Every structure is written in structure tokens, then in C-alpha cells.
Amino acid sequence: MRNPFRTLALAFALIVVAAVAGVAGVSWWLAQPLPLPMSPYAFDVRSGASLRTTARELAAAGVVADERVLVALARWRGVDRTIKAGNYEIAAGITLPQLLDRLTQGDVTQVALTVVEGSTFAEMKAALAASPAVVRTVPDLADSELMSRLGMPGARPEGWFFPDTYFFAAGSTDVALLARAHRLMQSRLDAAWANRAADLPLQGPYEALILASIVEKETGSAADRPLVASVFVNRLRRGMRLQTDPTVIYGLGAAFDGNLRKRDLEADTPYNTYTRDGLPPTPIALPGQASIDAVTNPPRTDYLYFVARGDGTSQFSTNLADHNRAVAKFQRGGR
């Protein structure tokens, strides 16, 4: 008769061996490099996106074999709710745990640089130059040469770089980061233009980018952004001048001292939308996604005017008489 204790011991030993083999197999599998579609591979995690949504997008792109594995690993580590929005770049050789470290900022070799919506290209270059983790090459590079390297010879750089938080390895060059920001802006703009509203008074995505930059600079309240876009779209439809201060300020450049005067509004420059019809020749800032969406799908309104209330919001009007009363109330202390 077989010894039951010996049989139990043998069964237990087999379970332990199987468990060890399983752990070893999982450890080996997690140490394997991910099959990136290209190297380096850049992807974007939008604000508010969940880990599951991001994992699904990475699986669709072929970065991970199964979205459930990334989610399960994150839950096991207790970091499934700490994913950070921004633009990421990963290179060949990265493993699934390392990817998760990047997404949750567990990788201490990772550096973050935030480009604020509404900043200018010059301000973005200054932020890159001020980062000790970025290798500087752009300061000695003409804007025309930079845009040629990005595949846009003859283009002006203003507006063509998406404002976002970029995660990168220390030692990356400013040109490499600019290329990422440019690719992201191009893809976001193309997608928005492909889904634009019918009969927009805009001749192509570049004009949408120009108008989005104006909306970005004119908006103090996120809720007002679509309405501001509708005002400018309505004005363009009617052939009215845009008459927007931020374009005049941009045209003044370094000469602007913080006080916009009547003579500035009357001095004709390519960016003075009080003296010239239509859009200025280039964007005046780096617009964010909300401004791009607002100008490509503005709400239908009859508004033609708006004035700042002084609290970050705007008062909108359909006619000049109401607008003048709003100006008197909110900017001249009238009632």
C-alpha cells in the first residue's frame, strides 16, 4: 500500500515546481522587448484617458500583444490609476514593465517638458533651451532650415507645434522634440480638418490653424472658446474684419510694452486685423486641441461681437448697439 504522506509530498513538490516554472516563464516573457511598429515610436495619452483606453490603443498599434496584460500588470503593481497624460517616445528594446514605468513616471531616467497652450514658438524654443536635459541645436539653426528638416520647406514655424507634456530621455536634442511636437500637431490638425463642419469659410487646414491660434489667445474661459470661434467664423462669412487685439500685439513683437494704444490699432501691419481683411499670414501662437476643435466645428450662433467681462469670461452680442452697451458696462464702468 502506497504511503499517503509520500504521495501528498510528491504532489506538493510538483505544484511548487510548476509554480516556479510558471513564475520563471512569466518573468522571461516580461523581459522580452516589445515589437514596436517603428523605433523610436511616439504615442499620445490624452488628458483624462484611462489605462485601459491607452492599452487598447497600444494593442491596436501592435506595441503590446494584448491590452489585458498591460492592465493586469498595472493592477498588480497598484499603479493602474496613476497614468500620466502627455506625449511619449519609446525605443526598440523596451519591455512591458518599462513601458508601464514610463506611463506612470516610475522611470527615473524620464524627463518631462510641458509646452503651454497659447505659448509662441519663440517661447517653446526658450523652454527647450532652458532645460538641462535637452541638447541644444536649434539656437544656431535658422527657422527655414528647421522647417526644411521637418519636411516643410518654406513654411513659417509659428503654430506648427502641438502644446503638450513631452516625456523623453535626458540627452534628447531640441530638434528631435520639435519633430515630435510637429508630427503631433500635423496629425491632430489633419484629423480635425477631416471631420470639419460643412461650409466653413476657411481655405484648408492651415487657415484653421491660424484661426485656432487666435481663438487660443482670445479665450480666458474654456466654456467661451466655441462661442469665440463662432464669432470669428461669422465675421469671415460676412466679410467683416476680425478686429482682434492679439494679432496686433503679435505683429508689434518686441515693441509691445504691455499697453495696446489706439495708434497701434491704426498702424497697418500684416497682422493688424483692424486694418486688413481676413486672417493674418501665419498663426500667432501654438493652439491646443480645444481651439482646433472649436474652429473646425463651431456652434451655429448669430454672434458677431464679444467683450471681456473682467472675470475671464466674455459677453457676446449679435449687433453693434448691444456690443457697445456691453463695452460700456464691462470695460468703462458703465451700467
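What follows is a short exchange about the terms applied to this predicted model.

Author: In this predicted model, local features need pLDDT of at least 70 and side-chain atom pairs count only at pLDDT 80 or more, while totals for chains, interfaces and linings use all residues. Residues are numbered from 1 along each chain as its sequence is written, and side-chain values use heavy atoms, with hydrogens and water left out.

Reader: What makes Leu-211 count as buried?
Author: Buried means under 20% relative accessible area, exposed over 50%, and partly exposed in between, with a 1.4 Å probe and protein chains only. Leu-211 has 0% relative accessibility, so it counts as buried. Leu-211 is found in helix H8; helices (H or I, at least four residues) and strands (E, at least two) are DSSP runs, numbered from the N terminus.

Reader: Which residues is Leu-211 in contact with, leaving aside its neighbours within four places in sequence?
Author: Contact means heavy atoms within 4.5 Å. With those neighbours left aside, Leu-211 touches Leu-202, Phe-232, Val-233, Leu-236, Leu-279 and Val-295 by contact. Leu-211 and Val-295 are 84 residues apart in sequence, yet 6.8 Å apart in space, C-alpha to C-alpha. The buried residues of H8 pack against helix H7 (174-194), helix H9 (225-238), helix H10 (245-252) and helix H12 (289-296).

Reader: What makes a set of residues a nonpolar core?
Author: A nonpolar core is a set of buried Ala, Val, Leu, Ile, Met, Phe, Trp, Tyr and Cys residues joined through side-chain atoms within 4.5 Å. The largest one has 53 residues, and those with the most contacts inside it include Trp-160, Leu-211 and Phe-232. Its largest share, ten residues, comes from H7. Apart from this core lies another, of 24 residues, among them Val-45 and Leu-70.

Reader: Why is Ser-230 called buried?
Author: The relative accessible area of Ser-230 is 1%, so Ser-230 is buried. Ser-230 lies in helix H9. Leaving aside neighbours within four places in sequence, Ser-230 is in contact with Pro-298, Pro-299, Thr-301 and Tyr-303.

Reader: Why is Asp-199 called exposed, and what is Gln-243 called?
Author: Asp-199 has 51% relative accessibility and therefore counts as exposed. Gln-243, with a relative accessible area of 38%, is partly exposed. Asp-199 sits in the loop between H7 and H8, and Gln-243 in the loop between H9 and H10.

Reader: What is noted about the backbone at Asp-199, at Gln-243 and from Ser-39 to Pro-40?
Author: Most residues other than glycine have a negative phi, and most peptide bonds are trans. Asp-199 is not a glycine but has a positive phi of about 55 degrees; for Gln-243, also not a glycine, phi is positive at about 50 degrees. The peptide bond from Ser-39 to Pro-40 is cis, with omega near -5 degrees. Pro-40 is in the loop between helix H1 (4-30) and strand E1 (41-45).
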